[in-house]
Amino acid sequence: MDIVRVYLGLAAKRHDVPARVLDRVRSVAETAFPVPPEVIRGREWHGRGVSLFGWTNEPDDSRQPRLISEHGSRVLGLNGHLADPADAARLLDDPSSGEVGGCFSAWVARDGELTAATAINRVCPVFYAETPDLHIVGSRALLVHLAAQQSDRIEHDVLALQTMIRQGFFLSDETPYRGVTALRPSSRLDVRDGRRTITETPLPEAAQAPGSARQKRAAITELADALLATVAPLREAGEPVNLALTGGRDTRILAALLHAARVPFRVTTNGLETHPDVILARQIAAKLKVEHTVIAPPQTAQQDAVLVEHPLSRAWETLRTCEGMTSAYESIVGYLPYSGKATMSGQSGETLRAGSLNLLQSDLSDKALLRRINNTFYKDEKLFTAEANEHARELAKPWQARRNRLEALDHIYVWYKVGRWQASARAGSLRRGDPVRPFLDNRVVRAALGLDQGWRLSEEVIYSLILRFAPELRDVPIEGKPWRFAEGLAAQRKWWTRTHVPPEHLPTAKTGGGWSWRTSPGPALTGVLRDQVLGNLDALTPIVNPDEVRALFADPVVKKPGLAWHLYTVSALLTGAYPGKQPEGLEQIPVSKPDPAR
């Protein structure tokens, strides 16, 4: 189970870490930890030329390993969780070990030495920077930046933010803060006697697709066992796990997984009664005989509109929590006091299906897949300056050079969509307690990446896992698009396919409940987004063309709301929304629902 911990390591290039730097770190820690200061507990360790700080909002020291644990001459800090806490000792010698289960990054310190390491998807991130006197390594990018500065002035890397506007997250190892870089997946950073080295382990290469039913079962068994190991400790949780369940694939497999592991759980679904998520989650809960709660969005008294948080309040909280590395278009889990109750959602489940970028494809030709890579890195080129577009093209080059396009898109998903977007977005849920993320487990990800991308992309792997864990769900439809592998199965004559043809899917459009205020923002919300972006265009002009931005907002309702939110988020960041005082007195904005009679 994950926990909110913040770490910062300092290693002097010469002599000792200056006392003024230690004092500065203590003074700015609260700024970079998005929880109320009164719930923060901290610990420090200081050795020859090296210091390690740790902070947490855990109420006590019952978690293992402790915030900073001592092991002879070495100390260990662990951000995240281990499947088996006893594996902490293994991380002392190899903090990036691929054999250790869990979701974590690790810090190891001793006299004259500092090491930090990421797991396979760097979803527990490590950021680093240096000054003429210090190497600085931490789990929060803003904290690393503030520790490197001699004043409270924040310097943004404006060119790096071009990818935030395009996609709403980073497609690079850059950060919003000048001089601060994210450590890559399966990498370790070592500082010994003032000198820094970085060692990177490539992601696993996928095996060829299994050619027989027996080989398929064997491959799926390895992945199934890894998944079961992630939730086995929850049998002793003392109360049911709360699973956020939808009508889709990724939360369905989690419901099946908990069912197979005999872990007590209950499910909740957010949405209107007519939404397919609610309809199908109700069926799943009934089949598995678990409690189901529906949480409807707030609406006006006439129920003809939903009430949306003011964008500035939303952006401030997103910047505070995600450090400018996730767009306010995304719904970030808000702060609540720390709770030991285990929760679970299906985020990053696309890892079992070759990643979300491959899943967007219907055409799997080399030309089409290369076009997807290109569009991922430098879409909406007209909106950006020549310098921003050239920067985006340089970032794309290593991925364009890969001959296996399916693998390239699969790994882009792990490196960036999980390792940058999810790494920052999940900070919201981590600070309030114990979200469990089986799809992020070190061993689960390795097992998944070891399976042929085309086979995973067919969705046969995840469908087979669901039936293995909970055969009761075989007749429950899937929301959205049909299972990819199921096309043409009904026409085949084999007994296996006659028995296992999935039921018809439930298209969102047919329910009338698929409307969202984020994709249909209406004129009032569009106006607020427009005023911030166009009113502060000077801040954005190093990376965007002002005329194109004005054209984007020319209509009463913006036609690319995601892009509008990304621009709004970056504008708020560059104009100093955070760090800064939390906005007060901003009213919610009503967004009208479409008239069903039209």
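1. Leu-307 is partly exposed, with a relative accessible area of 28%. That value falls between the cut-offs of under 20% for buried and over 50% for exposed. The model is a predicted one. Leu-307 sits in strand β16, which spans residues 305-308.

2. Pro-590 is 283 residues away along the chain, yet the C-alpha to C-alpha distance between Leu-307 and Pro-590 is 4.5 Å.

3. Next, a helix pair. Helix α5 covers residues 213-231 and helix α14 covers residues 442-449; the two pack at an angle of about 165°, and their axes are 9 Å apart. Angles over 145 degrees count as roughly antiparallel, so α5 and α14 are roughly antiparallel to each other. Their crossing is left-handed.

4. Which residues make the contact between α5 and α14? From α5 come Leu-223, Ala-226, Leu-227, Ala-229 and Thr-230. From α14 come Arg-443, Val-444, Ala-447 and Ala-448. Sorted by class, the contact of α5 with α14 has seven nonpolar residues, one polar and one charged.

5. The largest nonpolar core has 72 residues. Those touching the most other members are Leu-8, Leu-10, Trp-55, Ile-165, Leu-540, Phe-553 and Leu-567. Helix α21 (residues 561-574) supplies the largest share of this core, nine residues.

6. There is a second, separate core of 51 residues. Ala-255, Leu-288, Leu-465 and Ile-466 are among its members.

Methods. Residues numbered from 1 in each chain as written. Predicted model: local features only at pLDDT ≥ 70, side-chain atom pairs only at ≥ 80, totals over all residues. Heavy atoms only, no water. Axes fitted to C-alpha atoms, helices over the stretch in contact; angles between N-to-C directions. Helix = DSSP H or I, 4+ residues; strand = E, 2+ residues; numbered from the N terminus. Parallel < 35°, antiparallel > 145°, perpendicular 65-115°, else oblique. Left-handed = near helix turned anticlockwise from the far one by under 90°. Contact = heavy atoms within 4.5 Å. Nonpolar A, V, L, I, M, F, W, Y, C, P; charged D, E, K, R; others polar. Core = buried A, V, L, I, M, F, W, Y, C linked by side-chain atoms within 4.5 Å. Buried < 20%, exposed > 50% of the residue type's maximum accessible area, 1.4 Å probe, protein only.
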